[in-house]
Amino acid sequence: MKYMMIIGAFFCASLWSHAQSGKKVAVPEIVQQAFKKLYPKATDVEWEKEGDNYEAECEIAKEEMSVVFDSSGTLLETEKEIEVKALPQAVSNYVQSILPGKKIKEASKITMANGTIFFEAEVDGKDYIFDEQGNFVRIENEAQDDNDDNDEKEKDKKKK
């Protein structure tokens with residue numbers, strides 16, 4: 001009986017933590033309509049709030065992608081997963097020289113609404129952002145507060 005209570009407690013705790021992490025986001029109708037207009041065939045759509053913006057993670061034609069809109073429904077950027085080998089060679093060179101022994105886990109191509117292209121390389125849980133030519137731009141991670149510190153460290157390493 002004691003064993004069953006312990007299992008039950010763990011089960012309830014896991015359900016509660018899942019419910020907390022999977023909170024539904026209230027997406028304005030104007031944002032949803034803008035998304036549906038641009039991507040009518042999108043499937044598996046999941047919304048997240050990103051600051052004042054809304055990000056839809058979805059699948060389109062068997063490709064995983066995310067789309068970011070502002071609260072008025074204006075498209076800000078799209079991000080598509082790509083093969084690591086599709087990154088500019090300069091990105092691979094950067095990772096090899098600045099992060100020796102580390103590997104790029106995932107790669108994405110980010111297209112801003114104005115057409116500017118960036119590449120993202122995930123290494124050790126951090127997203128390294130590069131411009132279209134493969135020049136390092138910044139690091140993004142879950143803790144936005146850490147970005148400035150990490151960017152400075154990477155720039156210092158690059159100078160050496």
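**Basis.** This is a predicted model, in which local features need pLDDT of at least 70, side-chain atom pairs count only at pLDDT 80 or more, and totals for chains, interfaces and linings use all residues. Residues are numbered from 1 along each chain as its sequence is written, and side-chain values use heavy atoms, with hydrogens and water left out.

**Layout.** The chain has 4 helices and 8 strands. Both are DSSP runs numbered from the N terminus: helices are H or I with at least four residues, strands E with at least two. From the N terminus, the order is α-α-β-β-β-β-α-β-β-β-β-α. Of the 160 residues, 32% are buried (under 20% relative accessible area; exposed is over 50%, partly exposed in between; 1.4 Å probe, protein chains only). Among contacts (heavy atoms within 4.5 Å) with a separation of 6 or more, 32% join residues 24 or more positions apart. The chain exposes about 11100 Å², and carbon and sulfur atoms supply 52% of that area. Areas come from the Shrake-Rupley method with a 1.4 Å probe; for residues, only the protein chains shown count as cover.

**Helix 2.** This helix spans residues 29–38, and Val31, Ala34 and Phe35 are buried in it. Seen down the axis, the buried residues of helix 2 fall within an arc of 100 degrees, so they line one face of the helix. The arc is taken from the directions from the helix axis to the C-beta atoms. These buried residues pack against strand 1 (43–50), strand 2 (53–60) and strand 3 (63–69).

Ala61 and Asp124 are non-glycine residues with positive phi.

**Largest pocket.** Its volume is about 1200 Å³. A pocket is an open set of points on a 1 Å grid over the protein atoms alone, where a 1.4 Å probe fits, with protein on both sides within 12 Å along at least five of seven lines; lining residues have an atom within 4 Å of a point. The volume is the space filled by probe spheres set on the points, which are joined across faces, edges and corners. The lining has 36 residues, and Glu50, Glu55, Glu79, Glu120 and Asp127 lie nearest the centre. Elements giving two or more residues to this lining include strand 4 (75–82), strand 5 (106–112) and strand 8 (136–140). By class, the lining holds 9 nonpolar, 7 polar and 20 charged residues. Here Ala, Val, Leu, Ile, Met, Phe, Trp, Tyr, Cys and Pro count as nonpolar, Asp, Glu, Lys and Arg as charged, and the others, Gly among them, as polar.
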